[in-house]
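Walk through this model with its sequence and coordinates open.

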Amino acid sequence: YFGTRARVHNRFNPAQGASNDGLAWLDEAGVYDNTNERGNGGKHELKYTRDAVTWLREHVEGSPTTVEAVGESYRSLGSRVAIYTGLPTVSGWGFHQSQQRVKFHVTVDQRQADVREFYSTEDVGVARQILARYGVEWVILGDEERFNYPAEGMAKFQNGLGGALELAYENPAFQIFHVIPEDQLEGASAAAP
């Protein structure tokens, strides 16, 4: 009893009150700073995470695959889109994946390396191959991705990976891109003069 009571008081803000809304804390939490001793991470305004997650939940149908940051275990907001939407992602939270899939650690490691490469590479062709490999339909580019991957890699999103992505949602901390199907890209380039 005393352990549960202490944990509840340690982890929950009583000013929020009771709610069935598992995202309500994002509205009340304000800024979350997950900067670590190596300087990775940063300050997240969680209301923008809430807005992006809400948009995805209201506008995306089915179970299309997303790609988002794989952050440092216990110290990041990596996998937040998969957690709050239920949408599959290329690689979930690092420690959880390796702990739950011990016999598949090689696959888990490869997926995490591919996510790192996707966001870090400056080569648009490599990034597009990774999207195709996993059948990704939605690309998340938020504060967590910007905090964890180099600016040089982030620059390739300015032109939507050479026209392979269309901006579907944006707020001050998030961009969500829809991947244009390859056959539509081929048709568009075939019709271009």
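The axes of α6 and helix α7 (residues 124-134) come within 9 Å and cross at roughly 140°. Axes here are lines fitted to C-alpha atoms, for helices over the stretch in contact, with angles from 0 to 180 degrees between N-to-C directions. The two helices are therefore oblique to each other (under 35 degrees is roughly parallel, over 145 roughly antiparallel, 65 to 115 roughly perpendicular, the rest oblique). The crossing of α6 and α7 is left-handed: the near helix is turned anticlockwise from the far one by less than a right angle. From α6, the contact uses Gln110, Arg111, Asp114, Glu117 and Phe118. From α7 come Val126, Ala127, Ile130, Leu131, Arg133 and Tyr134. Contact means heavy atoms within 4.5 Å.

The model is predicted: local features need pLDDT of at least 70, side-chain atom pairs count only at pLDDT 80 or more, and totals for chains, interfaces and linings use all residues. Residues are numbered from 1 along each chain as its sequence is written, and side-chain values use heavy atoms, leaving out hydrogens and water.

Buried means under 20% relative accessible area, exposed over 50%, partly exposed in between (1.4 Å probe, protein chains only).

Turn to strand β3 (residues 65-67), which holds Thr66. Thr66 counts as buried, at 0% relative accessibility. Leaving aside residues up to four places away in sequence, Thr66 touches Leu87, Pro88, Thr89, Val90, Val136 and Trp138.

Methods
Helix = DSSP H or I, 4+ residues; strand = E, 2+ residues; numbered from the N terminus.
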